[in-house]
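Q: Can you walk me through this one? Keep it quick.

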Amino acid sequence: MFDALSERLNSVFRGLRGRGKITEENVSEVMREIRTALLEADVNLEVARAFCDEVQQKAIGAEVIKTLRPADMMVKIVHDELVRLMGPVDPKIPFISPGPTILLMAGLQGSGKTTTCGKMAKLLLARAKRPLMVAADLKRPAAIDQLEVIGQQVGTPVYTERDQQNAVKVCRNGIAQARKTDRDVVILDTAGRLAVDEEMMDEVARIATTTNPQQIYLVLDAMTGQDAVNTARVFNQRLELDGIILTKFDSDTRGGAALSVKHVTGKPIKFVGIGEKMEAIEEFYPDRIAGRILGMGDILTLVEQAQRQYDQEEAAKLEAKMASGKFALDDFLVQLRKMRQMGSMKDLIKKIPGMGDMMGDMDLDEGEIVRMEAAIQSMTPKEKANPKIVDASRRRRIARGAGCDPSDVSQLVKQFEPMRNMMKAMSGQSLPQRLKMGMQFSKAMAGGGLPRLKGSSTASRRSLSKKDRRKRRKR
Amino acid sequence: MGLFDRLKNGLSHTRKKVSASFRSVLRIGKKIDQDTINRLEDAMLTADFGPATTQKLVDVVRSGWKKGEIVEEQEVTDYLVRHIVAMWPESDRRIHFAESGPTVILVSGINGSGKTTSVAKLGHYFTNQGKHVILGACDTFRAAAVEQLSIWSERIGVQIVKHDQGADPGAVAYDACEAATARKADVLLIDTAGRLHTQDHLMRELGKIQRVVEKKIPGAPHEVLLVLDATIGQNAVNQARQFSEHVSVTGIFLAKLDGSAKGGIVVGIRDQLNVPVKFVGLGETPDDVEPFDPGTFIKAMFAD
């Protein structure tokens, strides 16, 4: 996400380093490059223009500040403008009492409305709400079935009317059902529609006027091109949106939609969908995103993700183990799995300030982690607690069990010891400090290293059993 | 209705926007100058042609102007259309049918691009040509995707091979190939689960489906279509590139073109990638599919 834009902007700023001060001339030169970078990222032309004008004005006016180097000054100005472009945002859902609070999801076909409904329900459940989903997409074949399956997955009832043709009625009846069954939030899943389809736009407008939702969200694909703003504009005219939910944010979108919609509609992005799992939804914070675009990292999101995975008690236990050096391979395995639940390694690392740049083209092989898992699981409890005892014969056995090379096993064992020592040293440090240490460590290791970063023998590729592969597919 | 009119209708939204913006840029009776070129560049960027392709086409117009081939702004449209159409050789838009046995068409794409609907449209299209069509429901991941395709198969009156949700898509592909051979089908259309091109393991799974098909029916898949959402921006190029690394993409099905004000991406894809657009989807009924014809398309896009 944002990779291309991030890279372009950073190279623009690099060009500025070493310059004495900001002059009108070098600013307008830089602005042309920024404009192209934005357009390549699918940012709407109007928005790119307005953005560049604003930055240029501020940059020239900022000349007086002598304390900052020009490049840093530009980064700051662009950062602030990016934040202003996307914000302010208040992602809070205004719950009403007595309920039910009604949330309406609208959008184009294939933007991800039905999946987002499920994610929203999951989010609400985590906040001790009792949601009900209403299947008001009567258009697409099997849309009702899809919502029902998702309802089962997240443990939320779904209101359906199989033979109904009228989506407005379904919504009205669904809300009545919510009152009857004491559900306090209703999520309306509507059919996908094109902004140009008058008839369908009328239908969703009628749903909105009849049900009077507390929040109307436009569900928008983050990869949408120049069309994103038109779509958002038309939906906003018909529906008075409260906010936008940007989906497929985990793709390699260049972020045009994310940067453009607020400026054009005045309505902010409130949530982003970041994966296929039902938990994969986040509140949207412009300052964090701006930081990520400029390669400044996003430590706050990282901390939150970590907090979601670890509870306090567990963390304390782990801390004790780490400090005493009793951290064993199966503890390591648990950590590994938790980390995987937080997202891909690459995304995690990019959120660490100063790491985004370092990553570059480095290709982290996620499969390597799976292979490590397999090797650890093929060990006896004794071996896991004390990997030092793994000799040639044990190594062969483990390798056979995990379907990898004996040399892979010896590498894992060899590197575990320094890791354990590092963990001992790390305990008592702050989280960012730890992350930094961890990264330095794995960088050092990458040379002869355990988390081998690129390529792997074909032998170890076979290590996945059929069952494992299916498991991974389901995630 | 002739093909041109149907395209023109389906593209009415695109046409209105694009030609309106081109018309506002290119005025009658005005001579071309630097300002014309700048405004043309903005109009093309807005229409999703993409920066690289825009640059190229703007250069074409500029050199035509410098050489004196075009003088007035009103000549620019025709000049552009001619150059754009020349980008598509005749040969690469054909569907490659098997010489004997079933022709297998593997349909792939990211989540929500419109694969299942496109499969249904293609099924209907081939049935209308008198071909015996079978659908293979290999999207076993998304909730109710199998049901969605089943409903389509009933509507368009073709057979379907399916397993339950969660089954191995490779196994479904295997069975579908067997069924297609045994029942002497002419065309086997395989629907796959949507996957983001950035998810490596899912892309590898797609590669596996192709390998299953290859093993089962020699010479198959005869076509691997990538379904792209026409409203997608420059990311379409990334998608096509990534998918091509894992399966041998032979063509693009451009879906939801009726909803896009930005037909420019069609030109951008052709320019940036060597993958031809073979079909375009223009609406929600199974009839709304057309083989792609660049001449008609580009003309319809710019027509008044």
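A: Helices (H or I, at least four residues) and strands (E, at least two) are DSSP runs, numbered from the N terminus. This is a predicted model: local features need pLDDT of at least 70, side-chain atom pairs count only at pLDDT 80 or more, and totals for chains, interfaces and linings use all residues. Residues are numbered from 1 along each chain as its sequence is written, chains are lettered from A and ligands numbered from 1 in the order in which they are written, and side-chain values use heavy atoms, with hydrogens and water left out.

Q: Okay, β6(B). Which residues point which way?
A: B:G251, B:F253 and B:A255 point one way, B:I252 and B:L254 the other, and all are buried. In a regular strand the side chains alternate between the two faces of the sheet.

Q: How many bridges join β5(B) to β6(B)?
A: 5 bridges, and the strands run parallel. Strands pair if DSSP finds at least two bridges between them. B:L226 stands opposite B:I252 in β6(B).

Q: And how does the chain cross from β5(B) to β6(B)?
A: Through helix α10 (residues 235-246) of chain B, in a right-handed β-α-β crossover. Right-handed means that, with the strands pointing away from the viewer, the path from the first strand over the helix to the second runs clockwise.

Q: What about β7(B): parallel or antiparallel to β6(B)?
A: Parallel, over 3 bridges. B:F279 in β7(B) is the bridge partner of B:F253.

Q: Switching to rings. How many aromatic pairs are there over all chains?
A: 5. Rings of Phe, Tyr and Trp (its six-membered ring) pair if their centres lie within 6.5 Å; planes under 30 degrees apart count as stacked, over 60 as edge-to-face and the rest as tilted. One of them is B:Y125 with B:F279: the centres are 5.5 Å apart and the planes at 80°, so the pair is edge-to-face.

Q: Is B:F279 buried or exposed?
A: B:F279 counts as buried, at 2% relative accessibility. B:F253 and B:F279 also form a stacked pair, 6.0 Å centre to centre with 25° between the planes.

Q: Which residues form the aromatic cluster?
A: B:F97, B:Y125, B:F126, B:F253 and B:F279.

Q: Last one, chain A. Where does the charged end of A:R288 sit?
A: Over the ring of A:Y285, 4.1 Å from its centre. The cut-off is NZ of Lys or CZ of Arg within 6 Å of the ring centre and within 35 degrees of the ring normal.

Technical notes:
Buried means under 20% relative accessible area, exposed over 50%, partly exposed in between (1.4 Å probe, protein chains only).
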